[in-house]
Every structure is written in structure tokens, then in C-alpha cells.
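Thanks for coming. Please have the model open while I talk.

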Amino acid sequence: MKILHTADWHLGKMLHKQSLATEMLSFLNWLLSYIKEEEVDLLLVSGDVFDIANPSSKDRENYFHFLSELHQLGTQSIFTGGNHDSIGVLNAPAELLSYMGITVIGGATDPIIDEVIEIKDKDGALAAVVAAVPFLRDKDLRRIDQNKQTDRREAIREGMKLHYQILSDHCAKYKGKVPVLAMGHLYAKGASVSESERDIGNQSAISADIFTDVFDYVALGHIHRPQIVAKNECFRYSGSPIALSFSEKADEKCVLLIETKDAEVTKIKTVPVPKRRKLVRLVGSYEEVSKKLENYKSEHALPDFIELLFKAPTFSHSLIMDVEALIMSYQDQDEFVILKHAFDFEENSKKVNDYFGSDVQIEEMKPEDIFGTKLIGEETLEEAQKTKLKELFREVLVDIQQND
């Protein structure tokens, strides 16, 4: 049979206030075409279907439209919840979707073995078994072993190991008869992360030895860069199908096609996702960046997203105004969208120790003291300006405290 592994769609994701909906819809349409072309039997989506717990009605509509189209193809699927997903939102239509060959497991089940899904072929014969493990929250892991008192991170690791061990023991009876797969939404030790993993979950890196040799393939989500885990070709992160941050601009996005025969994985193919836009970072002086923007040509269907970094020897109000005018001048064109910009002034490139000394722990200082110390070194500001900035900073702190 043919099994397709993907994860971390993050429907509804915004990148610096720009929606990624068009790019994601393009991916979903391509995915349906690829599933039809390859006659994929089973689709595995390993968590973070949505970017937020309460997705918009439009994002839900796009999700259900995809499921409807998938059902028309006759492809079975399993969706598990990630740390960004709401268990309730994913599970709400689960019973109805089950009649369409779509299995949804938004959160850990009780008993755990309910996460074991038997996949039948068109003739009703058992074709594969999947231990469909969603993102495991602290409460799920504490439930497994409430008596053991250990360090929190160690308890999380032990809880996950026990969770997979229970599933492994249950799946052992299928080993050698049909392919046995596992899913997971977790941070495996040694995995390379990107900026878009703003919430890595329970922060405990899990050793790959929790995946026993009962599992012929482990389909992982949570990390957005595609990669092999623990040098085992059958333990994989598919990564996110589109770039979700500028730190992923060089990543080759993909899905993974797993082929099985006679209860074994015979082939794993990396399938590149067509790139609809490029993420670019332009760095240099004002003149250099201006020239790069003037000569920029996109080769993609959607406007490229650009990040600008302006380098200058000293702070300059006129430079800031020139940059704002430059960005405004490129608002009405189709080649690219400038998402963010920043400045790198050499005279201000001081480290924490340059301000506070090596014996000061900055986390122990009050915010107003840190701000005041920073102002002392600002030679371009007059004392009256510094006093006014301190007053404004105190007002901001009060507002934050009142609204916390």
C-alpha cells in the first residue's frame, strides 16, 4: 500500500500580519492531485492542523472542503491533534468523519489503546495498523503514572516512553502480518528547529528509543524542518509543507510517500512541494538595499515575502524616514511584499555586559532599571528627552500590569 505523511499545516497562520491562506490552499489542492495521481491509500497528518485553538470559520471551511475532496478520492486518512490544536474542535466532527474513512484523534484517549487504528483495504482485509498518538499534554502523562515523583521533565519523558510502550505491546501481535506504524507530535532529541516553533510544547526532548522495533515507520510532526530522527530512515519529520518563518527560507518543503509490501516498508520517497513563493532577506546599506529592491524579479506565482536589514555606522533619524518612504514606494506592485524591516547601527551593537557588567543578572533587574541604564548610553538624546522617555515607559508598565 501507499501511505503519505505530512504535518504542521497551521491553517490560519499569519506571517508578520500577512495571511498564508492562498499559499496553503495551493498546497492542499496540489496534495489532492498528488494523492489521486499516486493512488495513495492512506494519508497521515501528524498534528497542528490549525495554527490556533479557535480557528476562523474560513479556515474550518477550507479544512472540511479538503476532507470532502479526499473522501471523493477514496483515500483513508488519520488526523492527530498538535499542541496548537484544540482537542474539542478537532474531535467534534470525529464520529461523522469516521463514516468517510477519516479518523480524528484530537487528544490522548482513555484507554490508550483506543489510539490504535486498524486500516482495512477495499475488500475489508486488514492492511495496516497505526498507533495514532496526538500531542501528549502534561495531564495525559501524569494520568499514566501518578505515583512516581520525579523531576518534571524527566516525568514527561518517562510518561511518553510508557505511553508508546503500552501501544507497542498492544501492536506486537500485528508485527510481521501487516505494516505497523506510529504517529507522534513531539520534540525528538537532536531535531533541528526553526523560529516558527514558537511553542515547542512541554520542552522535553524525547529520545528516539521510545519507538520500539515493533513500529515499521514513525510519522512525526511538531518540528517544521523535514529530517530523519536518530539516523533511522523510518523515523521521520515531514516538516511543514510551506515556510512558516524566515528561518525556513532555505528549507526544501516536502511530504513523504511510504510504500509497503508483505508487512514491510519497502520505500520512502521525499516528494518536494511546489514552491509558490520565496522568502528573501536583503541586507546592506540603504543604497545597497534600494538597488536590490529596484532590480528584484520574482519567479513564483505568488508575491515573494521580503525582510530588510539596513546597516549603518550611526543612528540616523533621516535614514529611518528614508526607509519608511522606500517601503511605501513599493506597496503597489506584484513582485514582492515587504513584511518587515530592521536596522543595525554599529555604534549601538553593544552586548548586555557592556551595559550592566558581567556580574549582573539581568533577569533579576526591574524593567525600569534596565530601560534607564540603556538610556544612559544614548548620546544622541538630550536629558529632557530621556526624562520624557522614562515617564512614557512607566506609563506603559502600568498599563501592562493593569491589563495582565
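Start with H222, which counts as buried because its relative accessibility is 2%; buried means under 20% relative accessible area, exposed over 50%, and partly exposed in between, with a 1.4 Å probe and protein chains only. Before going on, a note on the source: this is a predicted model, where local features need pLDDT of at least 70, side-chain atom pairs count only at pLDDT 80 or more, and totals for chains, interfaces and linings use all residues. Residues are numbered from 1 along each chain as its sequence is written, and side-chain values use heavy atoms, with hydrogens and water left out.

Where does H222 lie? In the loop between β10 (217-221) and β11 (227-229). Helices here are DSSP runs of H or I with at least four residues, strands are runs of E with at least two, and both are numbered from the N terminus. The H222 side chain makes a polar contact with the side chain of H185, at 3.2 Å. A polar contact is a pair of N or O atoms within 3.5 Å; within protein, one must be able to donate a hydrogen and the other to accept it, and residues adjacent in sequence count only if both atoms are side-chain atoms. V193 is 29 residues from H222 along the chain, and their C-alpha atoms are separated by 9.2 Å.

Now the helices. The axes of α1 and α2 come within 10 Å and cross at roughly 10°. Axes are lines fitted to C-alpha atoms, for helices over the stretch in contact, and angles run from 0 to 180 degrees between N-to-C directions. That makes α1 roughly parallel to α2, the word for angles under 35 degrees; over 145 is roughly antiparallel, 65 to 115 roughly perpendicular, and the rest oblique. From α1, residues including L28 and I35 meet α2 residues, among them F66 and L70; contact means heavy atoms within 4.5 Å.

The second pair is α7 (286-294) and α8 (317-329), with axes that come within 12 Å and cross at roughly 5°. These two are therefore roughly parallel as well. Y286, S290 and L293 of α7 make the contact with L319, D322, V323 and L326 of α8.

Last, the cores. A nonpolar core is a set of buried Ala, Val, Leu, Ile, Met, Phe, Trp, Tyr and Cys residues joined through side-chain atoms within 4.5 Å. Which residues of the largest one touch the most other members? Of its 39 residues, these are W9, F27, Y63, F66 and F79. α1 gives the most to this core, with eight residues.
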